[in-house]
Amino acid sequence: KRGNALVLEQWSGKKLVGVNGASLSICGCGNIQILLKGTLFMVTCIVTDDITVEAILGLDFLEANNCVIDCGQKLLTFPSQKLSIPFFSKPTTEQGVATVGLVLQEKTVVPAGSEMEVMIKIAGPVTNGTWFVGNKSATCTGVMVANAVVSPSSNVVPVRILNPRDEMVVLKKGTQIASMELLEQDPVINISTVMNN
């Protein structure tokens, strides 16, 4: 441990690949504490420069903590800690739920059976905060959009899209393929003190 900096150790585990099948370049691994709604968890993290999200809590974390995913109630439950966390919640404004559309900035061709990351324009004003990117129906556009949590600092956000079809999909400039909803300002997940053994 060096202050709050993560000291990486060499990764000696299995080779890791991304969703596109390409090998991930591993920088190393280390232990961190994650605070979920007041409960502290120790997590061994693997650090790579090849993915664009800050952190992914994978199946190994969910299994180790006996988590239950309740899609109907939209809850992630940790039975041994008697802790339930909503997937996301929708704050309301005077006009209702704070929601904006996400539209393509340019014509986009998505090859058959592939996925890609594209920069999507936010079609409306946004406030500072954390936003949930939600998938519009794949039947409308022919592609699926990965759910994500973002804190936009400009009028564009990165979005991962998937074409599950056997033929390419061409999306016109200005097509709305997703929307964003403002989340509660109280963070559910806080990555706190960094520790190494």
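Trainee: Which residue of β14 does Met 119 stand opposite?

Mentor: Met 119 stands opposite Pro 158 in β14. Before we go on, this is a predicted model, where local features need pLDDT of at least 70 and side-chain atom pairs count only at pLDDT 80 or more, while totals for chains, interfaces and linings use all residues. Residues are numbered from 1 along each chain as its sequence is written, and side-chain values use heavy atoms, with hydrogens and water left out.

Trainee: How many bridges join β8 to β10?

Mentor: Four, with strand β8 (residues 99-104) antiparallel to strand β10 (residues 114-123). There, Leu 102 stands opposite Ile 122 in β10.

Trainee: Now the rings. Why is the pair of Phe 61 and Phe 78 called edge-to-face?

Mentor: Let me start with the search of the whole structure, which finds three aromatic pairs. One of them is Phe 41 with Phe 78, at 5.0 Å centre to centre and 40° between the planes. Rings of Phe, Tyr and Trp (its six-membered ring) pair if their centres lie within 6.5 Å; planes under 30 degrees apart count as stacked, over 60 as edge-to-face and the rest as tilted. The Phe 41 and Phe 78 pair is therefore tilted. Phe 61 and Phe 78 have ring centres 6.1 Å apart and planes at 70°, so that pair is edge-to-face. Phe 61 is in helix α1 (residues 59-64) and Phe 78 in strand β4, 17 residues apart.

Trainee: Are Phe 61 and Phe 78 buried or exposed?

Mentor: Both are buried, meaning under 20% relative accessible area, whereas exposed is over 50% and partly exposed in between (1.4 Å probe, protein chains only). Ring pairs link Phe 41, Phe 61 and Phe 78 into a cluster.

Trainee: And why does Val 170 count as partly exposed?

Mentor: Val 170 has 45% relative accessibility, so the label is partly exposed. Val 170 lies in strand β15 (residues 169-171).

Trainee: What share of the chain is buried?

Mentor: Buried residues make up 29% of the 197 residues.

Key. Helices (H or I, at least four residues) and strands (E, at least two) are DSSP runs, numbered from the N terminus. Two strands pair if DSSP finds at least two bridges between them.
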